[in-house]
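Q: Hi! Could you walk me through this one with me? I'd like to start with a detail and then zoom out.

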Amino acid sequence: MPRKDVYTWNSMVSAYVRSGRFREAVDCFSQFLVTSGLRPDFYTFPPVLKACGNLNVGKKIHSWLIKLGLEWDVFVAASLIHMYSRFGLISVARKLFDEMPSRDMGCWNAMISGFCQNGNAADALGVLIEMRSEGVKMDPITVASLLTACAQSDDSLSGILIHLYVVKHGLEFDQFVCNALINMYAKFGCLGRAQRIFYEMEDSTMLKQILSKFPRKPKSESLDSTGSDSGNKSPILGSGFQCTIGGSSLTSKLNVVKRVSSAVFPASIAAGAEVVEPHLSFKEVSNPQKQNLFISKLNVCCEIIDSSDPVKQDLKRETLIELVDFVSSGSAKFTEPAISAMCKMCATNLFRVFPPKYRSNFTGGETEDEEPMFDPAWSHLQIVYDLLVRFISYSSLDIKVAKKHVDHSFIVRLLDLFDSEDPRERDCLKTILHRIYGKFMVHRPFIRKAVSNIIYRFVFETEKHNGMSELLEIFGSVISGFALPLKEEHKIFLWRALIPLHKPKSVGIYHQQLTYCVVQFIEKDPKLASTVIKGLLKYWPVTNSQKELMFLSELEEVLEMTSMDEFQKIMVPLFRRIRCCLNSSHYQVAERAHLLWNNEHILNLIGHNRQVILPLVFPAIERNTQNHWNQAVLNLTMNVRKMFCEMDEELVLACQCKLEEEHIKSNSAAEKRRITWERLETAAGVQPVVACNFLAPIKPSTCPVVC
């Protein structure tokens, strides 16, 4: 392929892993890092971690994850836990698990499975208790792993509790769960119960026909393989659940089950919700069924409809409008299943990879001369964004539950959408991110770090991003809410992110928002003014006049809030730069620099430090009065000179005398150089030129040379 993107490399690595060619997968990943010049994403690493053949390779990949800031993505973290568990480093896996800022079902399953792989059944059951205490429900993979742990530790009581959960939540027909139940009861010695589960499985028809030929014990006999207590009848649990273990009836353990089940399986766990036909209207169902219909409609909207099928598109659009109206009415109740369905639907419809940008390589987004590009699917996306805004803004939303689904991975992918070329989409994203930052306080540090990473990549790598102005607009209000004194983290954000944003050529697109953010920092801590001015001088444009005008405007706003002490720290390098601006041949730059003297606060700062500042700028003022081509600049120069005369006429005269002396010295030095060159030319003209020996050294004639 002549051109490969991140998706192409990810597909190739995954293909190698699926075909069992693990060495080729790792080699392909290494080639990706070395030759492509692209940045891997969180889809790259899970298959590579699975393909690791030894621990050293796994540790190297882990170091790459830390470097790229992807270590705590839930998919990547689960893969790391699997990898370390596979190599027997269960303590490292547990440490990773404990340090995760947020966990999803895959992370819990990875930790439980890791303990089971390493024979730590008790620790696996301990993870189950943690899982239930955080309100996380088990899925079939969790159940299968825990049943294996119960079998390993010979913990029949926990096994019975988990089987109760399976029956209650309708998981008894899942193949993985059934296999784990059969294995567990076989190890407990309950072969009869294992056989019953086997015959109830849906995917074992052929084996059933074979095993049905074997003789079976009559129903009156005990299900225990030892044949003891054959007359005991066990209580029925669920559908035909009858079991005796080691000759002891299950009835004798029910009291223990009731005491323990409240700790492992809280009473808040409800039975599976009734499924409602999603094509029904909310008006056609009763109030108790509306919540189930709401979830059903959200699940239906997770399907991606191709543009070639307008009928299905219209149906999905109508369903989304129904959902928006239902949420707007205040009738929706965002329980955990509803929150999960909402986040899944939004992620499916909104999160996508944008096509490569074919615009100018020298812009970081839309310029004033370019027409904005509008997404053809916006009519559909707009409704999904509207629904997401209403969901985040919902007054009765339980943040503790919602943060499990609006997690770090969700936020990172939401931030990626700010690179959309459609300004309407970026405007919606701005509202959503602002409300997430306001409501989900636990995610605030992560959001600040993620935005910093976007800025770093924009400034130091790509200089291309369409949503920089929107991100800075959000951070303008975020900075205004910082508590005093400012944390070191916030100051680092100013030094390492905001000030370097003055460097890109496309700064004009977001300069207004950037200036606001910088000014907010100085309002919070006036001591930062000198640091900001040093940053401006570091990135001051030399050949870009329009950019220089923006810097002068920002400089004036910063100087308005600068104290005398901070001003004195930077006044010498600052006015050396302003001196150059005063003499600029671009009349707007020269004019804007002269207008700094019209600001009363800046004029006061200059007046108190005129002994230092006037000698720096006076040569530029005199040069303008003599030969600047623009009449407006000439008039402003005369006004500035007049202001200095009113401040301290003696100092102006002293500077003028000094300038005249320097001018005389300069003329004298120039005259000496002219005479010296004439003597050199005369000496060179006296020597004859010999064609055959032009490379021979020529002895110079003796003449005094004064430089």
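Q: Which ring does the charged end of Lys297 sit over?
A: The ring of Phe282, with the charged end 5.7 Å from its centre. The test for a charge over a ring is NZ of Lys or CZ of Arg within 6 Å of the ring centre and within 35 degrees of the ring normal. Before we go on, note that this is a predicted model, where local features need pLDDT of at least 70, side-chain atom pairs count only at pLDDT 80 or more, and totals for chains, interfaces and linings use all residues. Residues are numbered from 1 along each chain as its sequence is written, and side-chain values use heavy atoms, leaving out hydrogens and water.

Q: Good to know. What does the charged end of Arg86 sit over?
A: That one sits over the ring of Phe87, 4.9 Å from the ring centre.

Q: Back to Phe282. Which residues are in its ring cluster?
A: Ring pairs link Phe282 with Phe294, Phe326, Phe334, Phe391 and Tyr394. Rings of Phe, Tyr and Trp (its six-membered ring) pair if their centres lie within 6.5 Å; planes under 30 degrees apart are stacked, over 60 edge-to-face, and the rest tilted.

Q: And what does Phe294 touch?
A: Leaving out residues up to four places away in sequence, Phe294 touches Phe282, Leu323, Phe326, Val327, Ala332, Phe334, Ala338 and Met342. Contact here means heavy atoms within 4.5 Å.

Q: Which residues touch the most other members of the largest nonpolar core?
A: Phe294 is one of them, along with Phe334, Met345, Phe391, Leu498, Leu501 and Phe575, in a core of 122 residues. Helix α18 (residues 378-393) gives the most to this core, with 10 residues. Apart from this core lies another, of 72 residues, including Val6, Leu70, Ala121 and Ile197. A nonpolar core is a set of buried Ala, Val, Leu, Ile, Met, Phe, Trp, Tyr and Cys residues joined through side-chain atoms within 4.5 Å. Buried means under 20% relative accessible area, exposed over 50%, and partly exposed in between (1.4 Å probe, protein chains only).

Q: Let's zoom out. How many helices and strands are there?
A: The protein has 33 helices and two strands. Helices (H or I, at least four residues) and strands (E, at least two) are DSSP runs, numbered from the N terminus.

Q: What share of the residues is buried?
A: Buried residues are 45% of the 707 in the protein. Among contacts between residues at least 6 apart in sequence, 67% join residues at least 24 apart.

Q: Now Asn349. Is it buried or exposed?
A: Asn349 counts as buried because its relative accessibility is 8%. Asn349 lies in helix α17 (residues 336-350).

Q: So what polar partners does the Asn349 side chain have?
A: The side chain of Lys316 makes a polar contact of 2.6 Å with that of Asn349. A polar atom of the Asn349 side chain also lies 2.7 Å from the backbone oxygen of Met345. A polar contact is a pair of N or O atoms within 3.5 Å; within protein, one must be able to donate a hydrogen and the other to accept it, and residues adjacent in sequence count only if both atoms are side-chain atoms.

Q: How many aromatic pairs turn up overall?
A: A search of the whole structure finds 17. In one of them, Phe351 and Phe410 have ring centres 5.1 Å apart and planes at 70°, so the pair is edge-to-face. Phe351 lies in the loop between α17 and α18 and Phe410 in helix α20 (residues 408-416), so the pair ties together parts 59 residues apart in sequence. Phe351 and Phe410 are buried.

Q: What about Phe475 and Phe493?
A: They form a stacked pair, 5.1 Å centre to centre with 25° between the planes. Phe475 is in helix α23 (residues 468-480) and Phe493 in helix α24 (residues 488-498), 18 residues apart. Phe475 is buried, with a relative accessible area of 3%, and Phe493 counts as buried at 7% relative accessibility.

Q: Last one: what is phi of Glu463 near?
A: Phi is near 55°, a positive value in a residue other than glycine. Glu463 lies in the loop between α22 (444-462) and α23, and counts as partly exposed at 25% relative accessibility.
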